[in-house]
Amino acid sequence: MTRPATTVEPTAGPDDARAALHRLRTEVAKAVVGQDAVVTGLVIALLCRGHVLLEGVPGVAKTLLVRTLATALDLDSKRVQFTPDLMPGDVTGSLIFDPRTAAFTFREGPVFTNLLLADEINRTPPKTQSALLEVMEERQVSVEGARRPLPDPFIVAATQNPVEYEGTYPLPEAQLDRFLLKLTVPLPNRDEELGVLRAHHAGFDPRDLGAAGVRPVAGAADLAAAREAVGRVHVAEPVLGYIVDLCRATRTAPALELGASPRGATGLLSTAKAWAWLAGRDHVTPDDVKATARPTLRHRLRLRPEVELEGVGVDMVLDTVLATVPTPR
């Protein structure tokens, strides 16, 4: 999608940036009903320069949610439909021979944007999935030894269907670990679903966000001011120790064969700081860590096969870890 014509004036400081980001929920709700928690998760990812894996059954507006957020943030967004025949160059870009100049020129791929929607990322083979590793970690594309940096801000929002596995290629742990958050997009409750039907009955077109009244309420300047403020959020030594203890507890949990890595611990630190700042605090509490632990860690853990057969889920194991690791006072 192209950047909206309307632009947002830069904010004066972190308080204005926080207010602008809080307005996102109202703006996104004009097109997407009942996904406030997912919107907050995406905002936290932007504040932390992290990537998001969105998991939900078809028809819960995962794609619409990302498009609407990009419009409300006045950011450029591109969508890639991942398919079995997609090649790495289709994502990152490639060298094209120009017969007029008898030279190769680089044609940018869709990753050169602010918010990349990788739709059904698990439908493309590992060769193409791995093309995103450098993009997600280094925020650049390397072609023939030349490094081409991506715009700032830049995040990948990837979607996958949790119930359909035919013709899919599960993401390897190394790539899952590159995602800062894994957000579950739930089905709406009855009242929310009635709201969806009323909107469509009244003529809502998900392909025309402008007609739905979605306008930019924040922008890159707000994100820059917010990131600077998040970086100044204080974390006491006991809270740092609590984050480490939680991650170490996942490595010894009997139900898990793979626990959280140190990257998971640093991710939890970042998301807790962003959560605390959005709540209006200049310091992180243990409750902030608990609030972000599940989306930050759930995709970094792997259940033992026998435990999975018993119907135990990763979130259930995380609940046990959170209940057993002593909380600092």
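**Exercise 1.** How many disulfides does the count come to by the distance rule?

*Solution.* The model is a predicted one, in which local features need pLDDT of at least 70 and side-chain atom pairs count only at pLDDT 80 or more, while totals for chains, interfaces and linings use all residues. Residues are numbered from 1 along each chain as its sequence is written, and side-chain values use heavy atoms, with hydrogens and water left out. A disulfide is a covalent bond between the sulfur atoms of two cysteines. Taking as the criterion a pair of cysteine sulfur atoms within 2.5 Å, the count comes to 0 disulfides. Cys48 is in no disulfide, since the nearest cysteine sulfur, that of Cys247, is 14 Å away. Seen from Cys247, the closest cysteine sulfur is that of Cys48, and 14 Å is too far for a bond.

**Exercise 2.** Determine whether Cys247 is buried or exposed.

*Solution.* Buried means under 20% relative accessible area and exposed over 50%, with partly exposed in between, for a 1.4 Å probe and protein chains only. Cys247 has 0% relative accessibility and therefore counts as buried. Across the protein, 49% of the 329 residues count as buried.

**Exercise 3.** Compare the radius of gyration with that of a compact globule.

*Solution.* The radius is taken over C-alpha atoms, and the globule rule is 2.2 Å times the number of residues to the power 0.38. For 329 residues the rule gives a value near 20 Å, and the protein has 20 Å, which agrees. The C-alpha trace spans about 65 × 40 × 40 Å along its principal axes.
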